[in-house]
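Subject: Handover of a structure and the findings from it

Dear colleague,

Please find the structure below, handed over for your use. The findings follow directly after it.

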Amino acid sequence: MSTLTRARCRAQAHPFALDAALAAGVLICMVAGSFVDPHGPEGVKWGLRTPDPLSLVLMTLGAAALVFRRRAPRTVLALAGGFSVVESVTGDPRAPVAMCAVIALYTVASTTDRPTTWRVGLLTMTVLTGAAMAVGPLPWYAQENLAIFAWTGIGATAGDAVRSRRAFVQAIRERAERAERTREEEARRRVAEERLRIARDLHDVVAHHIALVNVQAGVAAHVMDKRPDQAKEALAHVREASRSALGELRATVGLLRQSGDPEAPTEPAPGLDRLDDLVGTFRSAGLRVEVARGDEGTDLPAAVDLAAYRIIQEALTNVQKHAGTDARAEVSVVRVGPHIEITVLDDGTGEDQDHTPGGGHGLLGMRERVTALRGTLTTGPRYGGGFRVHAILPVKTRTSAAQDSGP
């Protein structure tokens, strides 16, 4: 930190002491200026004349008033202006008491707005200059009278310039702080969205595969003694589901690695191109699933493709868990104009069905995925039994549309 910066910090920490030092310096300058004799036979010259007692009193009172210029700037200006008027009328030769009024006017201009500066500045110049020209001992065109007009104008102009610079610097500082807060808020929002997305993926992966493992393990335990071949097949499905769950968990959790960590996940996120494999895992678990597709030739953005896959996965998982052992599910994926519609129906009559929005995180996760893509999701019981999940997703997101319209 430089010496100038340290001095400025100390001055800001002790403004009263700074004003007292300023008042003392102004008093010294005024007393020294009172020894100048501007009416000598050969022009301006230094003399050893003694200032009038009234002039000394006025200079002392004006300098003392400057100590309080920050606390009551307009009051100090009124006092200093009054002392200057008295000196202009009575002093011959004059003592430079007007210096106090100039500094007081500068303080008012630097601490108020521009219209107030104009009004106060014009009033001060008019009163001081008018009093000196009208009732002073010197002719109205004397140099001292014009000097009062000039110095009061300089004080008001300098104070307004300082105020404008402070406002400009403050505006720049606030803009920088606002931009910094915006960047931090955007970073926090992106982190929260990423955490939510990873949490949804983890829930979908775990819920799907654990449900399959649970069903197959139950089948294996039921037929272990009577039909060991079927039990062996069920255990093979358990192993396959476990391996698939571990793989997807490894890929999802791998997103949390730092940029420099090795073995970053390279497997792409699942999409509708793996729908047959997904349906096959449910069929192997004993769930009857029929698939109808009308989305041939549709190239979906990665986010939409992943959301469609996860919605079907979660819906079939709910059917597997809640719809009963004899339930049958129907999956349809259809392209309708600028949207792709996904429907999952079941005819289950299981007594443990709980598809209400507050019953778990599955439906909530689906709704969050659809809402993030500006789509719509409708879920609810079917007339006559069963449950229906219907999602409408845009074929093109805002990001992909912007990329297509780019150069």
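A search of the whole structure finds zero disulfides, where a disulfide is counted as a pair of cysteine sulfur atoms within 2.5 Å. In general terms, a disulfide is a covalent bond between the sulfur atoms of two cysteines. C29 is partly exposed, at a relative accessible area of 46%, whereas C100 is buried, at 1%. Here buried means under 20% relative accessible area, exposed means over 50%, and partly exposed lies in between, with a 1.4 Å probe and protein chains only.

Please note that this is a predicted model, in which local features need pLDDT of at least 70 and side-chain atom pairs count only at pLDDT 80 or more, while totals for chains, interfaces and linings use all residues. Residues are numbered from 1 along each chain as its sequence is written, and side-chain values use heavy atoms, with hydrogens and water left out.

The chain as a whole

The chain has 12 helices and seven strands; these are DSSP runs numbered from the N terminus, helices being H or I of at least four residues and strands E of at least two. Of its 407 residues, 37% count as buried. The chain exposes about 23,900 Å², of which carbon and sulfur atoms supply 60%; accessible areas come from the Shrake-Rupley method with a 1.4 Å probe, and for residues only the protein chains shown count as cover. Among contacts between residues at least 6 apart in sequence, 69% join residues at least 24 apart, contact meaning heavy atoms within 4.5 Å.

The nonpolar cores

A nonpolar core is a set of buried Ala, Val, Leu, Ile, Met, Phe, Trp, Tyr and Cys residues joined through side-chain atoms within 4.5 Å. The largest one has 35 residues, of which V289, I312, L316, I340, V389 and L393 touch the most other members. At least two residues of this core come from each of α9 (275–284), α10 (302–322), β4 (328–336), β5 (339–346), α11 and β7 (387–394). The helix that gives the most to this core is α10, with nine residues. Apart from this core lies another, of 25 residues, among them A23, M30, L66 and V108.

Leaving aside neighbours within four places in sequence, I340 is in contact with residues including L272, V304, V333 and L393.

A302 also lies in helix α10, but A302 counts as exposed, at 63% relative accessibility. Between A302 and P270 there are 9.0 Å in space, C-alpha to C-alpha, and the two are 32 residues apart in sequence.

S110 has its place in helix α5 (residues 98–111) and counts as buried at 9% relative accessibility. Not counting residues up to four places away in sequence, S110 touches G159, V162, R163 and R166.

Helix α6 (residues 114–135) has 22 residues and reaches 31 Å from its first C-alpha to its last, close to the 32 Å expected at 1.5 Å a residue; the expected span is 1.5 Å times one less than the number of residues. Its buried residues are T116, T117, V120, G121, T124, M125, L128, T129, A131 and A132. They cover an arc of only 155 degrees around the axis, so they lie on the same side of α6; the arc is that of the directions from the helix axis to the C-beta atoms. The face of α6 turned away from the buried side carries the exposed residues W118, R119, L123, T126, A134 and V135.

Which residues of α11 are buried? They are G362, L363, G365, M366, R369 and V370. Seen down the axis of α11, these residues fall within an arc of 160 degrees, and therefore line one face of the helix. On the other side of α11, T371 and A372 are exposed.

E368 is found in this helix, which spans residues 362–372, and counts as partly exposed at 27% relative accessibility. Beyond its neighbours within four places in sequence, E368 is in contact with L196 and R200. E368 and R200 are 168 residues apart in sequence and 8.8 Å apart in space, C-alpha to C-alpha.

R374 lies in the loop between α11 and β6 (376–381). Although R374 is not a glycine, it has a positive phi of about 65 degrees. R374 is exposed, with a relative accessible area of 61%.

With kind regards
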